[in-house]
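Colleague: Before I rely on the words used for this protein, could you take me through a few of them and show what each one rests on?

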Amino acid sequence: PEYPPYSVIDQVPLPGKQVKENRKIYLTLNPSGFTKVEIPENLIRRTRRQVEPTLRSLGFEIGTISYKPDVAKDVVLEMRHKGELVEPGMKLMKTSKIDLILGDGSGRYGMDEEDEAETTAEEQIINDLEEEEYDF
């Protein structure tokens, strides 16, 4: 991807070497585009440690890593390419960057900020009640 399409990447024999008459010189050219590769089915809810090597072996690059509240830590919840959700079975160009959204292991599952604020208020009330002394 660093070189322009159809540029010479490799040559055998190397430049500057003597070549006999009527001998072949082999050139390796950069392709005009990359092939499309299918996203495997079994990557969601797998660990980052399992998913990253799989994606790299298919020719993809790992983009940004972000976290989302979930029970499991470092488990892939979503994959995105250019902001779009990547579904298993989709085909993307080789060398595409795939962003991973992972679980943070906080134990909160699907909680919004409002839910979190309510939980915090409820916990405060419980803590206040536990701290009060009762005379019987």
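Modeller: What follows is a talk about a predicted model, taken one term at a time.

Colleague: How do you know how much confidence the predictor places in the chain and in its elements?

Modeller: The mean pLDDT of the protein chain is 84, and 79% of its residues reach 70 or more, on a scale that runs from 0 to 100. Among the elements, α1 has the highest mean, 95, whereas helix α2, residues 113–131, has the lowest, 58. Where pLDDT is low, the predicted coordinates should not be read in detail.

Colleague: How do you know on which side of helix α1 the buried residues lie?

Modeller: In α1, residues 48–57, the buried residues include Val51, Glu52 and Leu55. These three cover an arc of only 100° around the axis, which puts them on the same side of the helix. In general, an α-helix has 3.6 residues a turn, so residues three or four places apart point the same way. On the other side of α1, Arg49 and Ser57 are exposed.

Colleague: What covers the buried residues of α1?

Modeller: The cover includes β4 (61–68), β5 (73–81) and β8 (97–104), and α1 lies across these three strands, running at about 155° to β4.

Colleague: Why are β4 and β6 said to stand at the edges of the sheet?

Modeller: The open sheet has four strands in the order β4-β8-β5-β6, with mixed pairing. β4 and β6 (84–85) each have a single partner strand, so one side of each is left without a neighbour in the sheet.

Colleague: What makes β4 and β8 a pair?

Modeller: They share six bridges in the parallel sense, and pairing needs at least two, so the two strands qualify. Glutamate 61, for example, has lysine 97 in β8 as its bridge partner.

Technical notes: Residues are numbered from 1 along each chain as its sequence is written. This is a predicted model: local features need pLDDT of at least 70, side-chain atom pairs count only at pLDDT 80 or more; totals for chains, interfaces and linings use all residues. Side-chain values use heavy atoms; hydrogens and water are left out. Buried means under 20% relative accessible area, exposed over 50%, partly exposed in between (1.4 Å probe, protein chains only). The arc is that of the directions from the helix axis to the C-beta atoms. Contact means heavy atoms within 4.5 Å. Axes are lines fitted to C-alpha atoms, for helices over the stretch in contact, and angles run from 0 to 180 degrees between N-to-C directions.
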